[in-house]
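Look at the fold before reading on.

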Amino acid sequence: MRLNVMLVDDEIHILKNLNMVIPWEMLDMQVVSLAQNGAEAWAAFQEHRPDLILSDIRMPIMDGVSLVKEIRDAGEACEVIMLTGFTDFEYTRSAIRYGVKDYIVKPINYQELHEVIERVGGEIRQRKQARLLEEKVWREFTELAKQKYLFDALMGQAAGHSHYTITGKTQTWGEKYAVFVADLDDYPQL
């Protein structure tokens, strides 16, 4: 399962290094966007919906913490790894508050960053696989529930509506069914 990555840093040489030095193909990831500040990154995020963002904290126009706040306020589950040349505790605390996955101090140790990216990528993949499995089970369950409802309707046991609530999820079926029931004389002989 290929993951999409966005890189955000106001220092163009760091941005280029991140794009070239990390073996994205080997990690089964692709860089879908590069941005030089949080405002550019937010616009690109809305277009590409990356799974992972590597972002500098201090940038002009919009900093990395504000970017993460925008992402979280929008209800997005994208993982973020922060990069910074500063060890300011307030930045770290703000990043943690918004659920940043890790915090790498510049100058970047690319081996450490590679390991962090690999770990976070594995967590993202596990979460996506679990969500896909849940959706598959829910689809199968919904299909069985529809069959049961139709069977009950045919047997004259239906409650008269097709709206069910199960474990906090509501399922309303949009399909319309027409049922023709015929009572034939001498059916067993036919």
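A pocket is an open set of grid points with protein on both sides within 12 Å along at least five of seven lines. The model shown is predicted.

Q: How much space lies in the largest pocket?
A: A probe the size of a water molecule, rolled over the atoms, shows where empty space is left. For the largest pocket, the volume comes to about 180 Å³.

Q: Which helix gives the largest share of the lining of the largest pocket?
A: The lining includes Phe45, Glu76 and Cys78. Ile124, Arg127, Lys128 and Arg131 are also among the lining residues. Helix H5 spans residues 110-154. The largest share, four residues, comes from H5.

Q: How many residues of that lining are charged?
A: Asp, Glu, Lys and Arg count as charged. The lining has five nonpolar residues and no polar ones. The charged residues number six.

Q: What span should helix H5 have, at 1.5 Å a residue?
A: H5 has 45 residues. The expected span is 1.5 Å times one less than that number.

Q: What pattern does the protein follow along the sequence?
A: The protein has five helices and seven strands. Read along the sequence, they give β-α-β-α-β-α-β-α-β-α-β-β.

Methods:
Residues numbered from 1 in each chain as written. Predicted model: local features only at pLDDT ≥ 70, side-chain atom pairs only at ≥ 80, totals over all residues. Heavy atoms only, no water. Helix = DSSP H or I, 4+ residues; strand = E, 2+ residues; numbered from the N terminus. 1 Å grid on protein atoms, 1.4 Å probe; cavity = no way out; pocket = protein on both sides within 12 Å on 5 of 7 lines; lining within 4 Å. Points joined across faces, edges and corners; volume = space filled by probe spheres on them.
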